[in-house]
Number of protein chains: 2
Amino acid sequence: MGNQTAYQSLTQTFQRLHRFGHLSAIASWDQAAMMPAKGNEARAAAQAELQVLMHQLITAPELKTQLDAAAQEELDAAQRANLREIGREWRQANLLPAALVEAKALAAARCEHAWRSQRKNNDWQGFLPNFREVLRLAREEATLLAEATGVSRYDALLDKYEPGMTSANLERIFGDVKTWLPGLIAQVRDKQSGERVIQPQGPFPVEKQRQLGLEAMGLLGFDFDGGRLDVSSHPFCGGVPEDVRITTRYRDDDFVQSLMGIVHETGHARYEQGLPRDWLSQPVGRARSMGIHESQSLSFEMQLGRSRGFLQLIAPLIRKHFGDQPAFDADNLARLYTRVQPGYIRVDADELCYPAHVILRFEIERALIDGEIEAEDVPALWDEKMMAYLGVDTRGNYRDGCLQDIHWTDTFGYFPSYTLGAMYAAQYFSVLRKQTPDLDSRIAKGDLAPVFDWLNANIWSQGSRWSTDELVARATGEALNPAHYRAHLEARYLG
Amino acid sequence: MGNQTAYQSLTQTFQRLHRFGHLSAIASWDQAAMMPAKGNEARAAAQAELQVLMHQLITAPELKTQLDAAAQEELDAAQRANLREIGREWRQANLLPAALVEAKALAAARCEHAWRSQRKNNDWQGFLPNFREVLRLAREEATLLAEATGVSRYDALLDKYEPGMTSANLERIFGDVKTWLPGLIAQVRDKQSGERVIQPQGPFPVEKQRQLGLEAMGLLGFDFDGGRLDVSSHPFCGGVPEDVRITTRYRDDDFVQSLMGIVHETGHARYEQGLPRDWLSQPVGRARSMGIHESQSLSFEMQLGRSRGFLQLIAPLIRKHFGDQPAFDADNLARLYTRVQPGYIRVDADELCYPAHVILRFEIERALIDGEIEAEDVPALWDEKMMAYLGVDTRGNYRDGCLQDIHWTDTFGYFPSYTLGAMYAAQYFSVLRKQTPDLDSRIAKGDLAPVFDWLNANIWSQGSRWSTDELVARATGEALNPAHYRAHLEARYLG
């Protein structure tokens with residue numbers, strides 16, 4: 001040990017953390033996709049025990065000394081970026097006491113597990129006590145992080161998922177969206193009211209949907225030797241970069257949502273599968289931020305998956321599994337996949353209504369964390385904002401309202417990432433389309449290489465080498481510019 | 001901490017170990033049943049890291065002091081039994097250096113992963129280098145354990161799975177079996193040569209086999225809220241007592257093997273699901289030994305599953321899934337499931353040939369560990385013993401010979417447990433049939449409670465409260481008596 005540099009000691013500790021994180025990630029996937037109900041208590045205790053251990057490792061006193069010493073050592077640029085990310089993770093963990101970390105893990109597991117049946121049973125009153133406890137602990141965490149860094153409580157949580165982003169910035173960006181989105185939705189709905197859209201006729205057997213999903217993943221370059229597709233009540237991309245586990249859920253009267261859900265998760269998966277292999281055990285080898293992660297899933301789902309070329313490519317596969325129907329014509333698929341129809345459920349929302357769901361959640365969770373409202377205020381606020389932004393009545397319908405998402409059983413500050421991701425994705429494709437003018441015709445022929453190559457070179461292979469702003473500027477010539485997003489929506493929906 | 005007894009401190013450490021063991025068990029199940037190939041390296045590293053951590057916990061210097069102090073504390077009988085088992089685990093772990101534990105975990109993962117394809121490819125030469133390394137490390141472990149306890153090297157490994165058992169004792173028991181088994185096999189084959197057995201006509205779609213298996217598990221009282229059935233290349237019972245994961249493998253031209261394989265694993269599962277809930281986090285709450293574990297799977301598979309009553313009960317389920325065939329008559333099923341036919345594969349062997357497979361493996365692994373033979377000697381010895389005991393020619397056929405089992409990628413000293421288990425199971429049922437003279441007719445009616453109640457009261461709920469000899473004597477009035485096994489075989493196959 002005497003011969004190694006402080007930097008090397010740090011990388012060893014973070015490699016251990018990475019390995020324990022591997023077990024935690026696989027156990028989490030299992031919990032959502034495989035575990036029967038009675039396993040929950042023991043699983044939660046085991047996961048909490050591992051969280052405490054990892055917290056002990058990252059708060060060991062010698063890390064402070066090593067971080068100070070490593071800053072003086074001679075490092076190359078990649079190592080220096082890794083040291084920056086190590087420091088970031090170290091600071092975030094060292095601001096939280098072990099007891100809080102353990103309490104959070106236990107409260108989250110309890111809340112999430114109960115939520116699975118409470119959502120089904122529309123049981124907001126049952127959810128509330130668990131949710132209050134989760135919120136209490138999240139505020140405690142936010143206060144500790146905020147006091148140390150001098151930002152607001154919500155910004156302190158936001159920084160975990162979107163380093164560098166602030167609620168002031170989000171309010172500016174989302175405030176702008178709110179000025180034009182309702183008008184655009186109304187205009188598009190008016191335009192679409194004259195369109196004839198043919199609905200696919202079910203049933204669509206789950207096993208056939210699964211086969212279609214697997215083929216779509218294949219087209220999208222998912223590496224099946226390094227990952228799987230399974231089922232969970234809330235679709236996600238989990239596992240580890242070496243073994244990426246994506247999930248979906250099926251309804252046998254509809255394949256349209258599940259298919260595009262798989263395309264979405266495959267975007268996440270390819271980011272993970274494309275992270276720099278030599279750096280996987282280190283913080284610099286991880287995905288840059290949740291917004292950048294969503295920019296990959298939404299590059300796949302919105303930019304690529306809903307493109308004319310891709311729908312032409314996938315129409316024959318749909319026919320292969322479900323027989324020939326007029327609904328499976330690529331033009332009709334395009335109308336189906338761009339149909340604007342305000343509804344209850346965020347994950348089922350169309351591209352145009354989606355940001356309204358996100359802005360609503362951002363506004364509620366910011367107020368919750370900053371202490372402006374309490375847990376019991378959520379349903380009324382939810383109802384009010386759903387009516388204002390989308391004209392949808394959610395009163396008394398918790399199942400399809402504020403109980404619909406898994407996030408608040410454990411996570412606050414994540415929702416903005418979805419719409420930031422949509423904005424980044426639009427910005428990438430604006431560049432990509434300029435660089436590859438025949439992009440759509442190449443996609444229609446099954447040549448997706450221009451998309452994969454661009455994303456791999458500019459995003460996947462870069463891990464956390466750069467700050468989010470630098471990463472996006474290196475890729476597109478400018479930092480986040482929401483104008484590309486608006487232009488993309490107007491071109492697709494009014495063009 | 002100052003207020004707690006040494007015993008309490010020990011139980012806390014063992015609870016932590018139990019929780020880490022939970023994650024390791026689920027990750028192991030995942031590795032066998034779910035994980036794609038490219039996940040292996042990272043998984044192996046993560047598992048090894050956890051093994052090292054658990055080894056550090058159980059070798060912490062304060063445990064020695066706590067064990068000495070706890071021996072002087074006032075404990076009730078259950079706590080004293082727990083302290084005895086804690087001491088047993090502590091001694092076994094403390095005799096091994098951390099580097100050896102890590103090297104063993106890595107070598108085992110490498111060997112097992114490669115074995116999956118090497119077995120398929122009949123590639124003994126490819127397997128040999130990994131196997132040599134596994135053997136080298138197993139001998140190193142055996143030497144360390146043997147030096148400390150004054151037994152032979154093989155006995156030191158055997159003690160991990162069968163506390164109290166010795167190779168001298170096994171040689172006596174197996175030596176006796178070898179005096180009558182070949183004659184009995186010959187006599188039964190002669191008797192059966194005049195029997196007409198109708199073979200079921202496939203194909204048997206995998207999904208229907210799975211449904212049938214799930215229904216059989218239901219009949220056998222498997223708690224699906226606390227476990228699952230999946231597929232792996234080598235069937236096993238894994239997971240944790242709160243969430244038991246059993247696996248099987250299917251061939252679409254045969255359901256007979258897979259169905260009884262599921263019955264077998266369900267026996268293991270019910271033992272785990274029936275362990276004393278209040279003691280699950282402690283060593284005294286675990287299964288007594290691997291022989292006792294096999295006695296549960298074989299109580300289900302051989303004593304219950306092949307009984308006339310059970311086959312009458314299950315015949316209608318078979319018809320329900322695969323249609324009506326003359327082969328599905330209970331009398332014919334009984335002939336199918338008691339057909340004696342020496343073959344290559346241990347897990348496919350009939351009840352009468354099975355002990356020959358075990359004795360062969362015991363003799364080879366004992367000689368390997370005691371250093372009388374080397375890794376490269378295995379195929380020739382295998383061929384010779386298969387010919388001598390079963391008249392089967394395995395030359396050049398490694399896939400169906402010495403490469404067939406997963407055990408030697410990692411484990412030596414386990415094989416005797418299978419036949420010890422068969423002997424214990426015969427002994428239990430000899431008592432159970434005396435206590436419940438109408439057992440078969442009750443089973444035929446679907447009333448399996450007498451079996452479950454007896455096993456639960458005498459075995460499952462007892463965990464590791466007693467030594468193996470005490471457990472068996474309390475349950476049956478005597479320690480292991482192989483005469484019951486011989487009597488059972490003669491009654492079933494010659495009666």
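This is a predicted model: local features need pLDDT of at least 70, side-chain atom pairs count only at pLDDT 80 or more; totals for chains, interfaces and linings use all residues.
**Entry 1: the interface**

I started with how the two chains meet. I found 34 residues of chain A in contact with 34 residues of chain B. Between them, chain A and chain B bury about 2,900 Å². Carbon and sulfur atoms account for 60% of that area. I then asked which residues in chain A lose the most area to chain B. They are Arg19(A), Leu23(A) and Glu49(A), and together they make up 20% of what that side buries.

**Entry 2: charges and polar pairs across the interface**

Next I looked up the salt bridges. The rule finds 10 of them across the interface of chain A and chain B. One that I checked joins the side chains of Lys38(B) and Asp223(A), at 2.4 Å from N to O.

Which elements of chain A supply at least two residues each to the side that touches chain B? I noted two helices, α1 (6-33) and α2 (40-58), and two strands, β1 (227-231) and β3 (243-248). The largest share comes from α1(A), with 10 residues. I sorted the chain A side by class as well: 16 residues are nonpolar, 6 are polar and 12 are charged.

**Entry 3: the sheet in chain B**

I moved on to an open sheet in chain B. This sheet has 3 strands in the order β1-β3-β2, with mixed pairing. I noted β1 (227-231) and β2 (237-240) of chain B as the edge strands, each pairing on one side only. From one strand to the next, the twist averages 20°.

I followed one pairing in detail. β1(B) and β3(B) (residues 243-248) run parallel and are joined by 5 bridges. Opposite Asp230(B), I found Thr247(B) in β3(B). What packs on this sheet? Helix α10 (residues 256-274) of chain B does, touching β1, β2 and β3 of that chain. The direction of α10(B) makes about 165° with that of β3(B).

**Entry 4: backbone checks**

Last, I went through the backbone. In chain A, the peptide bond from Gly202(A) to Pro203(A) is cis, with omega near 0°. I placed Pro203(A) in the loop between α8 (167-192) and α9 (206-219) of chain A. In chain B, the bond from Gly202(B) to Pro203(B) is cis too. I located Pro203(B) in the loop between α8 (167-192) and α9 (206-219) of chain B.

I made one more note, on Asn122(A). This residue has a positive phi of about 55°, although it is not a glycine. I found Asn122(A) in the loop between α5 (98-120) and α6 (124-149) of chain A.

Note on methods:
Residues are numbered from 1 along each chain as its sequence is written. Chains are lettered from A and ligands numbered from 1 in the order in which they are written. Side-chain values use heavy atoms; hydrogens and water are left out. Contact means heavy atoms within 4.5 Å. Buried area is the accessible area (1.4 Å probe) that two parts lose on being put together, summed over both. A salt bridge is a side-chain nitrogen of Lys or Arg within 4 Å of a carboxyl oxygen of Asp or Glu. Helices (H or I, at least four residues) and strands (E, at least two) are DSSP runs, numbered from the N terminus. Ala, Val, Leu, Ile, Met, Phe, Trp, Tyr, Cys and Pro count as nonpolar, Asp, Glu, Lys and Arg as charged, and the others, Gly among them, as polar. Two strands pair if DSSP finds at least two bridges between them. Axes are lines fitted to C-alpha atoms, for helices over the stretch in contact, and angles run from 0 to 180 degrees between N-to-C directions.
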